[in-house]
Amino acid sequence: MGTRIAALASSAVVVLALTACGSGGSDAADSSAARSSAASASGGSTAGMPSAPTATNGTGSAGAGTTGTTTRAARPSTGTQGGGQVTGATGGLKAYLEAHLADVNKGDGCDVNIRVDKRVGGYARGSYFASECEAGKGIWAYSEAAGWHVVHRGQEPPQCTELARLAPQMPTSIAGQCLLDGKAVTWRPGLVAEPDPQVTGATGELRTYLLGRLRTMNAGDGCDLGAGVDKRVGGYARGSYFAPECEGAAALWAQGANGWSEVWSGQDTPTCATLRSRAPGMPTSIVDRCVGDAGKAEPWRPTR
């Protein structure tokens with residue numbers, strides 16, 4: 001906290017999501033990512049192509065970018081490697097899913113297939129299934145960075161938090177329901193969002209600025225800051241940054257041609273040089289003293 005303040009100065013359903021659509025939602029735009037995915041199938045997973053989930057009797061993580069598991073009842077191995085078919089998909093999506101199945105099916109005699117039931121732009125859903133084997137629901141997404149990738153695979157609906165993290169703009173028509181605090185709810189984009197930082201005493205553009213400032217400052221170290229404005233005169237304001245059981249800091253803000261900005265923050269008195277440089281018109285009703293060039297506190301005198 002102190003450092004941060006100082007720095008201020010059984011048919012299984014599958015869903016796919018394209019987080020950066022543009023032309024990427026088309027098979028033509030998918031093709032490069034799909035070719036990359038297909039080329040890596042025999043060598044294991046790559047970025048954007050999750051490894052096959054390990055069969056379990058419960059629910060857990062299923063490879064990079066996946067949630068949930070698919071439970072498959074094993075039967076004597078046939079020695080087949082990379083079996084399974086993909087239906088309902090074309091182009092880059094089909095190429096990715098075929099490569100994905102080659103990674104999923106490891107010759108345990110229960111090779112699963114994938115059927116895509118619905119696709120909306122860069123999002124799709126479908127199912128994993130296999131004769132005499134249990135399967136689970138799943139969700140896939142596409143992004144420019146990772147290509148098509150699995151968002152969820154399992155027999156239960158996905159966790160809402162996972163959808164929010166891996167495919168936050170997934171349409172409701174694709175995702176359907178998700179689990180929030182153990183209960184099934186209708187998914188919608190933005191359903192799970194980080195709460196706004198605490199800001200008191202500010203309205204309008206100043207409040208908007210402080211919210212954005214706090215999101216940048218808060219690094220998830222368990223000491224997330226809030227901000228309080230004690231006094232505002234025109235385009236000038238004073239207040240503090242604070243957090244329970246953490247050190248705080250006084251702060252001064254000013255509004256300029258480009259909007260609000262932080263003039264100073266700290267636990268001591270601002271220097272007169274800082275005020276002259278960043279807010280020469282700061283009224284004495286906002287700040288009345290500053291540290292002069294001689295290192296001693298003196299009355300603040302606005303220069304304009």
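**Entry 1**

I began with strand β11 and strand β12 (residues 249-256), which run antiparallel and are joined by six bridges. I took two strands as paired if DSSP finds at least two bridges between them. Strands here are DSSP runs of E with at least two residues, helices are runs of H or I with at least four residues, and both are numbered from the N terminus.

β11 and β12 make a hairpin with six residues between them. In that turn I noted E245, with a positive phi of about 60 degrees.

On to the other neighbour I had in mind: strand β10 (residues 226-233) runs antiparallel to strand β11 (residues 236-242), with seven bridges joining them. R232 has A237 in β11 as its bridge partner. The hairpin of β10 and β11 has two residues between the strands, and G234 there takes a positive phi near 60 degrees.

**Entry 2: ground rules**

A reminder to myself: this is a predicted model, where local features need pLDDT of at least 70 and side-chain atom pairs count only at pLDDT 80 or more, while totals for chains, interfaces and linings use all residues. Residues are numbered from 1 along each chain as its sequence is written, and side-chain values use heavy atoms, with hydrogens and water left out.

**Entry 3: the whole chain**

I looked up the totals next. The protein chain has seven helices and 15 strands. Of its 304 residues, 45% count as buried; buried means under 20% relative accessible area, exposed over 50%, and partly exposed in between, with a 1.4 Å probe and protein chains only. The accessible surface of the protein chain is about 14,700 Å², and 48% of that belongs to carbon and sulfur atoms. These areas come from the Shrake-Rupley method with a 1.4 Å probe; for residues, only the protein chains shown count as cover.

**Entry 4: disulfides**

How many disulfides does the rule give? The count is two, with a disulfide taken as a pair of cysteine sulfur atoms within 2.5 Å.

One of them joins C160 to C178, S to S 2.0 Å. This pair links distant parts of the chain: C160 sits in helix α4 (residues 160-166) and C178 in strand β7 (residues 177-180), 18 residues apart. The link of C160 and C178 is right-handed, with 90 degrees about the S-S bond. I checked cover too: C160 is buried at 0% relative accessible area, and C178 is buried at 0% as well.

C272 and C290 form a disulfide with their sulfur atoms 1.9 Å apart. Because C272 lies in helix α7 (residues 272-278) and C290 in strand β14 (residues 289-291), the pair ties together parts that are 18 residues apart in sequence. The torsion about the S-S bond of C272 and C290 is about 85 degrees, so I noted this disulfide as right-handed. C272 counts as buried at 2% relative accessibility, and C290 is buried at 0%.

**Entry 5: N113**

Last stop for today: N113, in strand β3 (residues 113-120). Is N113 buried or exposed? I found N113 buried, with a relative accessible area of 18%.

The side chain of N113 reaches the backbone nitrogen of Q85 at 2.8 Å. Leaving out residues up to four places away in sequence, N113 touches G84, Q85, L101, S127, Y128, F129 and A130, where contact means heavy atoms within 4.5 Å.

Technical notes. A polar contact is a pair of N or O atoms within 3.5 Å; within protein, one must be able to donate a hydrogen and the other to accept it, and residues adjacent in sequence count only if both atoms are side-chain atoms.
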